[in-house]
Amino acid sequence: MTSEKQTDLVSTLWGIGEAFNQFWKAADAWLKKPEVQGAFKRLFELPTAIDRRIKTQRMLLRRGILPSDPVLALHTEQAALTAALVARDYAAKLDSKGHSDDARVFREIASLSELGNATHTLRVIYPEIEAVARRYMYETGVTEGITSLVEMRFAIGDLQNDSLGVAAELLATETFIFVNLFAIDYAYRGSYDASKRGRRAFAKVANRHQVCHGISSDFDEMHVINALTLLYISVVVGQFMVKEGKRLAKENQKFIQTLSQQRSDIKEINREMLSLILSLRAEGPDPKADV
């Protein structure tokens with residue numbers, strides 16, 4: 001009897017050991033997959049990537065330039081930024097993604113900008129942003145009332161809540177997409193909005209109301225370059241929403257309340273990420289240690 005119990009115990013332990021062995025073999029095979037190793041590598045590099053993005057973003061904003069991947073590439077190449085150059089570069093980028101109709105609009109704006117009248121060029125760009133929103137973002141039949149685009153950021157926030165991978169996918173499409181969503185808010189703020197939020201960061205972002213209603217004509221080429229970036233970001237977001245099957249209803253009274261909460265959440269996330277970056281720096285190796 002004792003011998004049988006010992007045999008059963010040994011058999012049970014052997015079975016558990018074999019199960020663990022199979023588990024670790026499967027886990028080891030999974031960990032060795034290139035896509036898994038790549039994901040861990042990106043996760044490890046995330047604090048450095050965020051730090052680099054924040055520094056680049058601040059550098060461009062201090063010079064009055066809204067950041068975007070194409071603009072950063074042009075700026076890095078030491079080329080003198082002109083509205084025509086930026087517009088044609090955005091056109092090439094959209095052509096490479098198969099968005100030929102949107103690319104054509106940028107080429108037409110490039111030719112217009114070369115005439116040198118910033119105000120007239122802006123009066124073409126801002127209505128085109130609204131046309132993009134109507135074409136890609138809103139439900140069919142919305143024909144009026146698209147003069148404030150806070151809904152765009154609301155929609156992206158909504159998609160992020162649906163899937164954790166949305167933010168990563170958006171950042172892979174355009175590194176600086178989120179700061180530009182704030183810039184769109186700023187450009188489309190109402191004339192009644194006396195808030196100073198964003199005034200320093202977006203000093204060269206023209207207000208849509210002032211442009212289209214002739215309230216001001218004090219605009220220069222940098223205003224045009226930044227408006228082109230807003231148009232480009234609108235296309236990127238619009239095409240992303242089409243891919244995700246997301247459409248905005250015209251009437252949603254919860255937008256402002258939700259955006260206020262999103263601003264609060266984003267500030268908290270930024271504080272946490274900054275704390276993480278600083279702690280990793282503090283724990284990192286001393287660069288002078290090997291000298």
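# Close-up views: figure legends

**View A. The buried residues of α6 are Ala118, Thr119, Thr121, Leu122, Ile125, Tyr126, Glu128, Ile129, Glu130, Val132, Ala133 and Tyr136.** Buried means under 20% relative accessible area, exposed over 50%, and partly exposed in between, with a 1.4 Å probe and protein chains only. Helices (H or I, at least four residues) and strands (E, at least two) are DSSP runs, numbered from the N terminus. The model is predicted, so local features need pLDDT of at least 70 and side-chain atom pairs count only at pLDDT 80 or more, while totals for chains, interfaces and linings use all residues. Residues are numbered from 1 along each chain as its sequence is written, and side-chain values use heavy atoms, with hydrogens and water left out. Among the elements that cover the buried residues of α6 are α5 (100-113), α9 (177-187), α10 (208-212) and α11 (221-244). Contact here means heavy atoms within 4.5 Å.

**View B. Helix α6 from end to end, residues 118-136.** How far apart are the end C-alpha atoms of α6? They are 27 Å apart. This agrees with expectation, because 19 residues at 1.5 Å a residue should span 27 Å. The expected span is 1.5 Å times one less than the number of residues. At the N-terminal end, Asn117 caps α6. A side-chain oxygen of Asn117 sits 3.2 Å from the backbone nitrogen of Thr119. The cut-off for a polar contact is a pair of N or O atoms within 3.5 Å; within protein, one must be able to donate a hydrogen and the other to accept it, and residues adjacent in sequence count only if both atoms are side-chain atoms.

**View C. α6 packs on α11 at an angle of about 10 degrees.** Their axes are 9 Å apart. Axes are lines fitted to C-alpha atoms, for helices over the stretch in contact, and angles run from 0 to 180 degrees between N-to-C directions. The two helices are therefore roughly parallel. Angles under 35 degrees count as roughly parallel, over 145 as roughly antiparallel, 65 to 115 as roughly perpendicular and the rest as oblique. The contact of α6 with α11 involves 15 nonpolar, 5 polar and 2 charged residues. Ala, Val, Leu, Ile, Met, Phe, Trp, Tyr, Cys and Pro count as nonpolar, Asp, Glu, Lys and Arg as charged, and the others, Gly among them, as polar.

**View D. α5 packs against α11 at about 175 degrees.** The axes of this pair lie 11 Å apart. α5 and α11 are therefore roughly antiparallel. α5 contributes Asp102, Phe106 and Ile109 to the contact. α11 contributes Leu228, Leu231, Tyr232, Val235 and Gln239. By class, the contact of α5 with α11 has 6 nonpolar, 1 polar and 1 charged residues.

**View E. α5 also packs against α6, at about 170 degrees.** Here the axes are 10 Å apart. That makes α5 roughly antiparallel to α6. On the α5 side are Asp102, Val105, Ile109, Leu112 and Ser113. They meet His120, Thr121, Val124, Ile125, Glu128, Arg135 and Tyr136 of α6. The classes in the contact of α5 with α6 are 6 nonpolar, 3 polar and 3 charged residues.

**View F. His99 sits in the loop between α4 (83-96) and α5.** Is His99 buried or exposed? Its relative accessible area is 18%, so His99 is buried. The His99 side chain makes a polar contact with the side chain of Gln239 (3.5 Å). Residues up to four places away in sequence aside, His99 touches Leu94 and Gln239.

**View G. Leu181 lies in helix α9.** Leu181 counts as buried because its relative accessibility is 2%. In α9, 9 of the 11 residues are buried, so the helix is mostly covered. They are Ile177, Val179, Asn180, Leu181, Ala183, Ile184, Asp185, Tyr186 and Ala187. Leu181 and Ile233 are 52 residues apart in sequence, yet their C-alpha atoms are 7.8 Å apart.

**View H. Gln210 lies in helix α10.** With 31% relative accessibility, Gln210 counts as partly exposed. Leaving aside neighbours within four places in sequence, Gln210 is in contact with Ile215 and Ser216.

**View I. The whole protein has 12 helices and 0 strands.** Of its 291 residues, 37% are buried. Among contacts with a separation of 6 or more, 66% join residues 24 or more positions apart.
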